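Here is a walk through one protein model. Keep the structure in view as you read.

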Amino acid sequence: MPLDRFRREIDFLRISLVDYCNLRCVYCMPLNARRPLSGPSLLTPGEIELVARAAIGVGFRKIRLTGGEPTLRHDLLEIVERLAAIPGLRDLALTTNGILLSRLASSLVRAGLRRVNIHVDTLNPQRLAQIMRLGTFGEIWEGIMAAEAAGLTPIKLNAVVTRGFNDEDVAELATLTRERPWHVRFIELMPLGVGEPAALSRAKFVPSAETESRIVAALGPLVPLPVSDPSDESRNSRLIGGQGTIGFISPVSRPYCGTCNRMRLTADGKFHLCLLNDDELDVRQALAVGGIPAVAEILLRAVGAKPTGHRLHVNETIERREMFQLGG
Ligand code: SAM
């Protein structure tokens with residue numbers, strides 16, 4: 001498993017398949033976002049497979065497909081099939097807004113996908129519409145049901161907590177874990193880029209401690225769960241008698257950079273070294289001229305150059321990309 005300069009084991013590759021989305025969540029993608037990458041700029045399924053083979057060859061074990069919205073790739077099933085067939089890959093998952101999942105869930109399972117994380121910020125349809133600006137709660141709920149029926153489990157639901165939009169709805173979301181074996185995770189807003197989503201993320205930030213207090217006040221104590229995976233960014237707990245778990249992901253108030261195990265691949269073929277930093281290394285040219293060995297070499301360089309952590313505490317963030325271009 002590759003170690004970086006700080007002796008962190010980097011074994012998790014997050015692959016962004018597209019840089020656009022069918023939603024426009026207020027903290028993620030501007031309404032007037034620039035045109036997405038056109039077809040030829042996106043890595044092809046064959047190129048993605050080669051990068052994944054190089055990564056697994058040097059010791060990576062986990063892959064997550066993200067976006068933008070990865071289900072918008074017409075060749076998503078081919079990509080999943082190619083990756084699922086690589087020996088040595090232990091975990092293949094997808095992060096999605098769930099809108100298209102009711103149509104895709106069973107085919108994704110047949111292609112070899114194991115798990116999904118689905119983004120839903122509130123169970124209140126009107127408030128969700130204000131956050132997402134496009135898409136409906138009904139579509140997402142159908143997607144969650146389809147994912148569960150297809151066996152894409154355990155289901156993880158991600159809610160980004162945004163003041164004035166959904167901060168009062170967190171207890172209702174957490175209640176889902178009483179009856180269902182789902183993991184509901186509450187994420188702190190991060191400011192990425194220099195546009196409106198970053199400004200809103202700063203202005204509407206809610207610390208996890210406040211979200212947790214609100215849940216405890218409404219539903220009773222949370223029982224902390226032991227840490228089973230040190231690189232899990234979520235601090236997990238359970239309601240007494242609950243079937244599922246409640247997690248808090250706190251990149252701003254409790255950064256977890258010290259246990260970061262991630263490398264990111266952008267949709268246009270760059271290794272992106274840290275979510276909140278601009279540093280990138282180009283993979284595309286290496287792929288064209290040197291194949292898997294050349295990609296492996298660049299990947300190890302990228303691991304070696306990973307920054308210690310983000311610098312949000314001194315108000316520094318990434319400038320060249322926004323969240324919808326990186327995928328979390
Ligand atoms: N479209 C997919 C989805 O909705 O999950 C994958 C990409 S999306 C960028 C991945 C996750 O990042 C989602 O859970 C989303 O809510 C979260 N996210 C987006 N903008 C964020 C921000 N500014 N701070 C924290 N999380 C954010």
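The paragraphs below take up a helix pair, a nonpolar core and one further helix.

This is a predicted model. Start with two helices, H1 (residues 45-57) and H2 (residues 76-84). Two packed helices are described by the angle between their axes and the distance between the axes. For H1 and H2 the angle is about 25°, and the axes lie 9 Å apart. That makes H1 roughly parallel to H2, because angles under 35 degrees count as roughly parallel. The crossing of H1 past H2 is right-handed.

Now look at where the two helices touch. H1 brings Pro45, Gly46, Ile48, Glu49 and Ala52. H2 answers with Glu78, Ile79, Arg82 and Leu83. By class, five of the residues in this contact are nonpolar, one is polar and three are charged.

Leu83 leads on to the core. The largest nonpolar core holds 101 residues. Leu83 is among those with the most contacts inside it, along with Leu13, Ile63, Leu65, Phe186, Met263 and Phe271. Helix H9 (residues 284-304) gives the most to this core: nine residues.

Take Leu13 next. Which residues does Leu13 contact, leaving aside its neighbours within four places in sequence? They are Val51, Ala55, Phe60, Lys62, Ile63, Arg64, Met263, Arg264, Leu265 and Phe271.

Finish at helix H6 (residues 170-179). Its buried residues are Val170, Ala171, Leu173, Ala174, Leu176 and Thr177. What covers them? The cover includes helices H5 (137-150) and H8 (208-219). Strands S5 (156-160), S6 (183-187), S8 (234-239) and S9 (245-249) are also part of the cover.

Notes:
Residues are numbered from 1 along each chain as its sequence is written. This is a predicted model: local features need pLDDT of at least 70, side-chain atom pairs count only at pLDDT 80 or more; totals for chains, interfaces and linings use all residues. Side-chain values use heavy atoms; hydrogens and water are left out. Axes are lines fitted to C-alpha atoms, for helices over the stretch in contact, and angles run from 0 to 180 degrees between N-to-C directions. Helices (H or I, at least four residues) and strands (E, at least two) are DSSP runs, numbered from the N terminus. Angles under 35 degrees count as roughly parallel, over 145 as roughly antiparallel, 65 to 115 as roughly perpendicular and the rest as oblique. A crossing is left-handed if the near helix is turned anticlockwise from the far one by less than a right angle, and right-handed if clockwise. Contact means heavy atoms within 4.5 Å. Ala, Val, Leu, Ile, Met, Phe, Trp, Tyr, Cys and Pro count as nonpolar, Asp, Glu, Lys and Arg as charged, and the others, Gly among them, as polar. A nonpolar core is a set of buried Ala, Val, Leu, Ile, Met, Phe, Trp, Tyr and Cys residues joined through side-chain atoms within 4.5 Å. Buried means under 20% relative accessible area, exposed over 50%, partly exposed in between (1.4 Å probe, protein chains only).
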